[in-house]
Amino acid sequence: MKITLLCIGKTDEKYLLEGIEKYTKRLKFYVNFSIVVLPDIKNVKSSSAEQQKDKEALLILKQLQPQDFVVLLDEHGKEFRSLEFSAYLEKMMIQSVQHLVFVIGGPYGFDQKIYDRAKSKISLSKMTFSHQMIRLFFTEQLYRAFSIMKGEPYHHE
């Protein structure tokens, strides 16, 4: 299985980049994982939130293949404990999902076209975090999930 994290806009903060890189390197021992960063939409000051979401949706949809299993990281999605998230990923592997694509939207969330394309929604927290922080949190949780699957001592319960 291949896992891709698809997100809008680059990460600026060095400490976040270092953390993301740390877990991305660790993940290579478990799964084919990559992060695809789409450019921020330009000239948004004159655009409404809906117009910005529409433009972001077009960028996101261009990256997706028909067979991709798309999961949105969305505040209204299902919440998992780490053990449950690990079981969710294992279920995807058992179901022979070839490419699992997790998507972090822009500052206003997702356009309806993206909700329609997605198979599932996951929330990392009821709290709101910056999109840059979510990348680190997700990457760490993905690493944690695979370490749980392998019975390694990273996760303590």
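Buried means under 20% relative accessible area, exposed over 50%, and partly exposed in between, with a 1.4 Å probe and protein chains only. The model is predicted: local features need pLDDT of at least 70, side-chain atom pairs count only at pLDDT 80 or more, and totals for chains, interfaces and linings use all residues. Residues are numbered from 1 along each chain as its sequence is written, and side-chain values use heavy atoms, with hydrogens and water left out.

**View 1. The ring pair F110 and Y115.** F110 and Y115 form an edge-to-face aromatic pair. Their centres are 5.7 Å apart, with 80° between the planes. Rings of Phe, Tyr and Trp (its six-membered ring) pair if their centres lie within 6.5 Å; planes under 30 degrees apart count as stacked, over 60 as edge-to-face and the rest as tilted. Y115 has 25% relative accessibility, so Y115 counts as partly exposed. F110, at 6%, counts as buried.

**View 2. The largest nonpolar core.** This core holds 29 residues. A nonpolar core is a set of buried Ala, Val, Leu, Ile, Met, Phe, Trp, Tyr and Cys residues joined through side-chain atoms within 4.5 Å. I3, F85, L89, L100, F102 and L142 touch the most other members. At least two core residues come from each of β1 (2–8), α1 (14–27), β3 (69–79), α3 (82–94), β4 (99–104) and α5 (131–149). Helices (H or I, at least four residues) and strands (E, at least two) are DSSP runs, numbered from the N terminus. With 7 residues, α5 gives the most to the core. Beyond its neighbours within four places in sequence, L142 is in contact (heavy atoms within 4.5 Å) with I3, L27, F33, F85 and L89. A second, separate core has 13 residues, among them L64, V70, L72 and F110.

**View 3. Helix α3 against helix α5.** The two helices pack at an angle of about 75°, and their axes are 8 Å apart. Therefore α3 is roughly perpendicular to α5. Axes are lines fitted to C-alpha atoms, for helices over the stretch in contact, and angles run from 0 to 180 degrees between N-to-C directions. Angles under 35 degrees count as roughly parallel, over 145 as roughly antiparallel, 65 to 115 as roughly perpendicular and the rest as oblique. From α3, the contact includes S82, L83, F85 and L89. From α5, it includes F138, L142, A145 and M149. The residues of this contact divide into 10 nonpolar, 3 polar and 2 charged. Ala, Val, Leu, Ile, Met, Phe, Trp, Tyr, Cys and Pro count as nonpolar, Asp, Glu, Lys and Arg as charged, and the others, Gly among them, as polar.

**View 4. The ring pair Y23 and Y143.** The whole structure has 12 aromatic pairs. In the pair of Y23 and Y143, the ring centres are 5.8 Å apart and the planes are at 45°, so the pair is tilted. Y23 sits in α1 and Y143 in α5, 120 residues apart. Y23 is buried at 12% relative accessible area. Y143 is buried at 9%. Y23, Y30, Y143, F146 and Y154 form one aromatic cluster.

**View 5. T139 and T24.** T139 lies in helix α5. Its relative accessible area is 0%, so T139 is buried. Leaving aside neighbours within four places in sequence, T139 is in contact with L5, I20, Y23, T24, L27, F33 and I35. T24 belongs to helix α1 and is partly exposed, at 26%. Not counting residues up to four places away in sequence, T24 touches F33, I35 and T139.
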